[in-house]
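Please look over this model with me. My notes follow as numbered points.

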Amino acid sequence: MSVPSTMKAIIVEKVGGPEVLEFKTDHPVPTPQEGQLLIKNHISGINYIDTYFRTGLYPAPKPEILGREGVGTVTALGAGPNPYNFQVGDRVAWLAGGGYAEYTTVPAVKAVKIPDGISDEDVMAAFLSGMTVLSLTKETHAVQKGEWVLVHAAAGGAGFLMTQILKSVGAKVIGTAGGAEKVALVKSLGADVVIDYRSEEGKDWVKKVKEVTGGQGVDVVYDSVGQDTWEGSLEAVKRKGTVVWFGNASGPVPSFNIQKLAPKCIKIARPMLYGYIDTRDELEFYVNELFNLLKSGQLKVRIHKVYPLEQVAQAHMDLEGRKTTGKLLLKH
């Protein structure tokens, strides 16, 4: 398979707003090293974590190509052993870095072959977000049938998938979302209660959560919003409950006195997907679970929009402006 010497890519030279995302047409195509694959990307995912690297909330050396996941075709293999039997021409999904580009070098250990019967778009709409949700609901807190669960940003990329997975195990779901359209979307997924945080009632969402749960609070909160919701999440959880912070959409959770947790014996967690899929066996466990849910139709995806590569700055503005429902994708 012939590979050009240059490619289109989005380069971040310095931290800042969406304006630092520079579209280049002559960036060198990387060369795969031992243990790596060169992937020609068909489509890649845009995730909130990309904005954290862009702004410097998560420090990383610059210049940098953002993007943590993609779907594409193997075009070359690095030297050395090939324990996962990848071949040129394989359609794969990957988790690494450098997805905002036509070509990406990826550790073979972080790439998986995609079975027939699932489209590139459906894989990418669920890949990183779906495995995140599965790990949060199986390992961070193993959700049980009948438990009350509060999901913040339930219409977002992760929340949309989480609501479905929670309902599939028989949990009772309270979702928060902004605006009538997002509220209707979350209700359509089977959520038991949806709170519009932009409404009058939604301004005191903690009170509503307490009312719905008979004054007890929820068994677990999944909070990807962070700064704006962290204190309310601690209030909304029941005695001996768990609060899981897994994102910073409004900014990070600030430092606080751990004594806050004592009166209700609250457990807190701040996980990230990569800690749950560090080994190949762990990655394959969650990938297989996700692909089975997609193939069977048990898990529906929602794509907000597919943006051409050169419009990635607009995609970041839409995402940070809370104008999106479901997943944002980049077409190469």
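Predicted model: local features only at pLDDT ≥ 70, side-chain atom pairs only at ≥ 80, totals over all residues.

**Notes on rings, charges and a surface patch**

1. Phe285 is partly exposed, with 43% relative accessible area.

2. Residues are numbered from 1 along each chain as its sequence is written, and side-chain values use heavy atoms, without hydrogens and water.

3. How many aromatic pairs does the structure hold? There are 8. Tyr48 and Tyr52 form a tilted one, 5.9 Å centre to centre with 45° between the planes. Rings of Phe, Tyr and Trp (its six-membered ring) pair if their centres lie within 6.5 Å; planes under 30 degrees apart are stacked, over 60 edge-to-face, and the rest tilted.

4. Tyr48 and Tyr52 both sit in helix α1, residues 48-55. They are 4 residues apart, so about one helical turn separates them. Helices (H or I, at least four residues) and strands (E, at least two) are DSSP runs, numbered from the N terminus. Tyr48 is partly exposed at 21%. Tyr52 is buried at 6%.

5. Now return to Phe285 and Tyr286. Their ring centres are 4.9 Å apart and their planes meet at 80°, so this pair is edge-to-face.

6. Ring pairs also build a cluster: Tyr48, Tyr52, Phe53 and Tyr58 are linked this way.

7. Two charged ends sit over rings. Lys113 lies over Phe86, 5.7 Å from the ring centre. Arg280 lies over Tyr84, 4.1 Å from the ring centre. The test: NZ of Lys or CZ of Arg is within 6 Å of the ring centre and within 35 degrees of the ring normal.

8. Which residues form the nonpolar patch on the surface? They are Met1, Leu77 and Val88, with about 270 Å² of accessible area together (Shrake-Rupley method, 1.4 Å probe). Met1 is exposed at 58%. Met1 lies in the segment before β1 (6-12).

9. UniProt, in an unreviewed entry, places "domain: Enoyl reductase (ER)" at residues 16-330. Such annotations may be inferred rather than shown by experiment. The span is 31% helix and 26% strand, and its end C-alpha atoms lie 20 Å apart.

Terms used
Buried < 20%, exposed > 50% of the residue type's maximum accessible area, 1.4 Å probe, protein only. Patch = residues over 30% accessible without salt bridge, like charges linked within 9 Å, V, L, I, M, F, W, Y side chains within 5 Å. Salt bridge = Lys/Arg side-chain N within 4 Å of Asp/Glu carboxyl O.
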